[in-house]
Amino acid sequence: MNAKILVFSGSLRTGSYNTQLAKAAIKILSAEGAEVTEITLADYPLPILDADLLENDGAPENAVKLAQLFQVHDGLFIACPEYNSSIPPLLKNVLDWVSVTKSDGTHDLKPYAGLTVALGSASPGALGGIRGLYHVRSVLMNVGTQIITEQCSVANAGKSFAEDGMPSDERTLSLLKKTCRSLLERVTVGRGRV
Ligand code: FNR
């Protein structure tokens, strides 16, 4: 059974560097034999989480869809921008909504249980958004995922992707490969399908 990996970018921006990084990760994960699902968060718009919304109306349909997607995959690869040294609101809102989505109306959902996550970031800045990943990691630890140690940050992202879509710097490319391989080594294959 191949590992099922869900990949998405934490940016909706046209021309997003993080979406480029997500696509580079997909190439590597697919070459390593993973069954990859790519989504864009643009397809799952959500209101800003307000506990009144949850209490009065339950989780929105898109939160349920995302929770189901998290649940049926063995691992995630998230490529995420850094906003003011931290996690951007889009991703935080998604992770929060999924954390409070406990049922799809018929079945109980445990979207984070046993899920393994790998992280990447890209930024036009010299640090590649690496400071934000600390905060993303902290949120994902809090909800109970297993996060792999390796991560890949692409600095000076406007000029750091080659024509083939991969990071042009050899060290960065090697780190991205290491991160993807480590994710595949650590996932519990089939966890979402038992
Ligand atoms: C940024 N950006 C940014 N970059 C960075 O390296 N460190 C930071 O702390 C921030 N802070 C920040 C805050 C806000 C509100 C915005 C809108 C942007 C710049 C950011 O890295 C840049 O816009 C990237 O292009 C965002 O990623 P995508 O959209 O290209 O994937």
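Two residues are taken to be in contact if their C-beta atoms, placed from the backbone, lie within 7 Å. In this predicted model, the elements that cover the buried residues of helix H1 include strands E1, E2, E3, E4 and E5 together with helix H6 (170–186). Helix H1, which spans residues 17–31, is mostly covered, with eleven of its 15 residues buried. The buried positions are Tyr17, Asn18, Thr19, Gln20, Leu21, Ala22, Ala24, Ala25, Ile26, Ile28 and Leu29.

From its first C-alpha to its last, H1 reaches 21 Å, close to the 21 Å expected for its 15 residues at 1.5 Å a residue. The helix is followed by Gly33, a residue whose phi is positive, near 100°.

## The five-stranded sheet

The strands form an open sheet of five, arranged in the order E2-E1-E3-E4-E5 and paired in parallel. Strands E2 and E5 (146–154) are the edge strands, each of them pairing on one side only. On average, and with direction ignored, neighbouring strands of this sheet are turned by 20° against each other.

## Strand E1 and its partners

Strand E1 (residues 4–9) is largely enclosed by the rest of the structure, because five of its six residues are buried. Four bridges join E1 to strand E2 (residues 35–38), the two strands running parallel, and within this pairing Leu6 stands opposite Thr37 of E2.

Helix H1 lies across E1, E2, E3, strand E4 (116–122) and E5, and its direction is at about 165° to that of E1. Helix H5 (residues 130–142) lies across E4 and E5, running at about 160° to E4.

Methods:
Residues numbered from 1 in each chain as written. Predicted model: local features only at pLDDT ≥ 70, side-chain atom pairs only at ≥ 80, totals over all residues. Buried ≥ 20, exposed ≤ 12 C-beta atoms within 10 Å, placed from the backbone. Pairing = 2+ DSSP bridges. Right-handed = clockwise from strand over helix to strand, strands pointing away. Axes fitted to C-alpha atoms, helices over the stretch in contact; angles between N-to-C directions. Expected span 1.5 Å × (residues − 1).
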